[in-house]
Amino acid sequence: MSSSPDFGDFSGSDDFGPDDGNLTGKILIAMPGMADPRFQRSVILVCSHSDEGAMGLVLNRPLPEIDFGDLLEQLGIETDTRVRRIEVRFGGPVEPGRGFVLHKVPEHGNDPEGRLRIGSALAMTTTRDILEDLAHGAGPESAVLALGYAGWGPGQLEDELLQNGWLTGDGADEIIFDASHDDKWQRALRAQGIDPSVLSGASGRA
């Protein structure tokens, strides 16, 4: 990596705050006709969606060349024998040097500064504290680290949906957190009741 990821305080951003956007917490499944090679056969969790735009994390693009322990070392975070070896993924092409930890949270309770709750038991954190916890065997039980994110301006995602660029659906833990990526696109489609073998580039929204 040419530079260390940025784990600044996410809560200070006005771009992607919690909102009532109807796709927040949903997944986007790229249609076969997706023209952008960065998103072909991609599955994306929508973390925030409003009239101001949308932000999401790609769920099926691992970065096996980036070791979590090495990344912690680059950030100057000391580890011990309990360090958690969580998976590192390509979260999207925007700000690829910025890190986002996607993780499970209790359904009830307050969210600390730097945490964006996506659903009742799912959240995204960008503060350094969570990495320090993971470095010492603590932190959330289910967690992955994404570098970069996918972003859309006002109305852009809606336009792509109307142009049949994406299918939308519900995400399950096995789609979000498991490390079996080769068939994740197909499994995401089947979870919506769609047979990937009969899906055409002209299909509509799920």
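Guide: The answers below set each value beside its definition.

Guide: This is a predicted model, in which local features need pLDDT of at least 70 and side-chain atom pairs count only at pLDDT 80 or more, while totals for chains, interfaces and linings use all residues. Residues are numbered from 1 along each chain as its sequence is written, and side-chain values use heavy atoms, with hydrogens and water left out.

Visitor: How many helices and strands are there in the chain?

Guide: The chain has five helices and nine strands. Helices (H or I, at least four residues) and strands (E, at least two) are DSSP runs, numbered from the N terminus. Read from that end, the order of elements is β-β-β-α-β-β-β-β-α-β-α-β-α-α.

Visitor: Why does A143 count as buried?

Guide: Buried means under 20% relative accessible area, exposed means over 50%, and partly exposed lies in between (1.4 Å probe, protein chains only). A143 has 12% relative accessibility, and therefore counts as buried. This residue is in strand β8 (residues 143–152). Across the 206 residues of the chain, 46% count as buried.

Visitor: Which residues does A143 touch?

Guide: Contact means heavy atoms within 4.5 Å. Leaving aside residues up to four places away in sequence, A143 touches I86, V101, L102, H103 and F177. In the chain, among contacts between residues at least 6 apart in sequence, 72% join residues at least 24 apart.

Visitor: What makes the pair D80 and R82 a salt bridge?

Guide: The term requires a side-chain nitrogen of Lys or Arg within 4 Å of a carboxyl oxygen of Asp or Glu. The closest N and O atoms of D80 and R82 are 2.7 Å apart, so the pair is a salt bridge. D80 is partly exposed because its relative accessible area is 25%, whereas R82, at 52%, counts as exposed. The structure holds ten salt bridges.

Visitor: Is R89, which pairs with E87, buried or exposed?

Guide: R89 is at 1% relative accessibility, and so counts as buried. Its side chain meets that of E87 in a salt bridge, 2.8 Å from N to O.

Visitor: Which residues are linked with D178 in a network of salt bridges?

Guide: The network links D178 with D183, K184 and R187. Between D178 and R187 the N to O distance is 3.1 Å. D178 has 22% relative accessibility, and therefore counts as partly exposed.

Visitor: Which residues gather in a patch of negative charge on the surface?

Guide: D51, E52, E158 and D159 form that patch. Asp and Glu count as negative, Lys and Arg as positive, and His and the chain ends are not counted. Patch residues have over 30% relative accessible area and no salt bridge, and like charges are joined within 9 Å. The place of a charge is taken as CG of Asp or CD of Glu. E52 has 61% relative accessibility and so counts as exposed; this residue is found in the loop between β2 (43–50) and β3 (53–58).

Definitions and conventions: Patch = residues over 30% accessible without salt bridge, like charges linked within 9 Å, V, L, I, M, F, W, Y side chains within 5 Å. Areas by Shrake-Rupley, 256 points an atom, 1.4 Å probe, with all protein chains shown as cover.
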